[in-house]
Structures are given as C-alpha cells and as structure tokens.
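Open the model in your viewer and keep the selection panel at hand.

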Amino acid sequence: MLSSILIIYTGGTIGMIENPETGVLESFNFQHLKDNMPELKKLGYAVSTIQFDPAMDSSEMGPESWMKIVKIIADNYQLYDGFVVLHGTDTMSFTASALSFMLENLSKPVIFTGSQLPIGMLRTDGKENLITAIEIAAAKENGVPVVPEVCIFFENDLLRGNRTSKINADNFNAFRSYNYPNLAEIGIHIKYETHLIHRPDPTQPLKAHYLFDSNVVVLTLFPGIQESLISSVFHARNLKAIVLKTFGSGNAPQKPWLIRLISDATARGIIVVNITQCQAGSVEMSRYTTGLQLLAAGVISGYDSTPECALTKLMFLLGHNLPTEEVRRLMNTNLAGEITLNPEY
C-alpha cells in the first residue's frame, strides 16, 4: 500500500512561480503540483494538497494560523501517514515550536520545509527540499513512522522543530539546531539518528490543543539598558510572562533597580524565564553571583531553550489558564524534547 502524504501549503517563498510573460512572481497552485513537478511521480507516494486561501507571508503567521494548521492535521490524521507543511522561513521556527506542544502525543511525521528561492526559479532549493521532506514524512520501519515528531527539513539537515532558529537570510542552509543534534543527515542516503528521535506513548491518541495567550514579551538585556524602559515593559498592561535574554550562562547586571523590578514582577505572578543570548549553551544561574541574584528574585531557568520555543511554550501554557506555579513547573519540564535537563546524547 502506498504511503499517503498531505502537503499543507501556508505560504512563503517556496510557493512563488515566475510568470513567463511578465516576469512577476505569482502564487503557485499546489493543486497542480504533480503537473509542475513530475519528479513527485517517481517517489511512488499518494500525495494530496491543502492550500491556505489566501496564502500567508510568514511574518503574518501567529496563533490563529498555528491553530488552522493543527485543525487540518487533526481532521486528516487518520487519512494520511505523514504531513508536510510548506511555510515561509522567517517564522518557521516559531510555528514548528508551537505545533510541537499543540500536537500532544503525535505519532506521525509533521515535516516543515520551504525555500530561499521560489519553486519556479531555475536555481530553486524548493524542489529538493519538498521532495526530501515528503520522503521523510513517508519513511517507515516495520510499519512504524521513522520520525513521529514535528521537524524542520532544510538543505541537508533534519532538525527537531522546537530546537531550531533561522540563522541566515541568504544561504540555502538557513536553519540551525545548536543545542540538539540533527535527527538525520541527508546525502546520497538519508541516515536517521533513531536514538535521538522522540517517541510517543503508543497507548495514547493524538490530542490537539488550540489555546494560546499572547501576553508575553521577549526582553533582551544590553550594556547601558535604562531603568525607565525596563520598568515600562514590566508594568505593561495584561503582561503575564517575560522571556529574559541574558548574558552568557544566564547573567544580568547587578543593578538594584533591575533586581527590584524583577522581584516585584514575580511577586505579582508574572513569570520570568531566563534564556541565554548565546546561540549555543544553557542557562546556569547558580554559576555566578550575577545569575544567582536572578534566581533569588524568582526567575526560572529556560535551560537551553531557543527564544522561539521559550516564547511559544509560555503562550501555550498560559492559554490553558494553569496556576502560575504549574506554568513555572512545566517550563522546567521537558514536554516535547525542547530542553535538555540531563544530556543523553
């Protein structure tokens, strides 16, 4: 029996094709995908498509769009062996991170991909990315999906979605997972690192979630930062959580006003999560005095979380109206492979 794959086209560069008469880039009709990409026929899979109408630029994507993608997956979950989500690259890591929490106990592949050049251009990276993403989404071993989690495939790398960040606006190799190894390396063959892949509980069905609370802000510390500006952020109306991007292993300036603002905020029930500004590495607030002061002020560790993941995880947990202490506990819990509590690789 042929593996069946559903392609969900949300928008983005990959979905553009050049009008041969005007030279203008226009939206590609994915309903005619096989006509425009005869290579797909050689894969031997049953491929169907659903297209956002209108297609969305990735800078416009947010919780409502994430819910729309999850609804499509949930409604079609029993009909397909895997899913490929075509998405603009700019916010792909945010969407992939969000879906890793929204699709609880996912047991089928959800592979995000896109391209830096439109699929209709001669040098496009879109065709190879799409074909390989479909192949990964269809891959099975003994009848069981090889990669039953939310991933990003781009260029030659298969990455856990909630571990990724976009790191290059120009190169084809646009994404990195600095704090977790690649789930597969793609060359002549696809070599899966099966010991690194997240496995669901086979006794539990998929549970789709649709609740989010966006009253969260990301605050990046920098030398010379002013009290008045920080104070305006900490006292913003309806604010519920802050992702605090600190120096190094989780350090902040030893300014009394800064610690006072943080202590007052956490006392009011605002959740402050500490992540490093560094691309790689983890927060260890107990290492230096400049980090220990944050711990004493009620800040919780974001471990080695990416900014995209810390933000979407907070929005997801807050959307479920959980008690503050439960949100704090779950932020320090590895729900979908998003943080490293004890390195196992």
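Helices (H or I, at least four residues) and strands (E, at least two) are DSSP runs, numbered from the N terminus. Two strands pair if DSSP finds at least two bridges between them. This is a predicted model: local features need pLDDT of at least 70, side-chain atom pairs count only at pLDDT 80 or more, and totals for chains, interfaces and linings use all residues. Residues are numbered from 1 along each chain as its sequence is written, and side-chain values use heavy atoms, with hydrogens and water left out.

**Stop 1: the hairpin.** Select residues 150-154, strand β10, together with β11. The two run antiparallel, joined by four bridges. Two residues sit between the strands, and in this hairpin Glu155 takes a positive phi near 60 degrees. Ile152 faces Leu159 of β11 across the pair.

Stop 2: Asp157 stands opposite Glu185 here. Now show the side chains of β11, residues 157-160. Which residues point one way from the strand, and which the other? Asp157 and Leu159 share one direction, Leu158 and Arg160 the other. All are buried (under 20% relative accessible area; exposed is over 50%, partly exposed in between; 1.4 Å probe, protein chains only).

**Stop 3: Gly82.** Jump to strand β5, residues 82-86, where Gly82 is found. Gly82 has a relative accessible area of 0%, so it is buried. Beyond residues up to four places away in sequence, Gly82 touches Ser4, Ile5, Leu6, Pro109 and Ala137. Contact means heavy atoms within 4.5 Å. Draw a C-alpha to C-alpha distance from Gly82 to Ser107: 9.3 Å in space, 25 residues apart in sequence.

**Stop 4: the largest pocket.** Center on Ser100, Phe101, Glu104, Asn105 and Leu335, which lie nearest the pocket centre among its 24 lining residues. Elements giving two or more residues to the lining are α4 (92-102), β6 (103-104) and α9 (307-319). With three residues, α4 gives the most. A pocket is an open set of points on a 1 Å grid over the protein atoms alone, where a 1.4 Å probe fits, with protein on both sides within 12 Å along at least five of seven lines; lining residues have an atom within 4 Å of a point.

**Last stop: zoom out.** The chain holds ten helices and 20 strands. Its C-alpha trace spans about 65 × 50 × 35 Å along the principal axes. Of the 345 residues, 52% count as buried.
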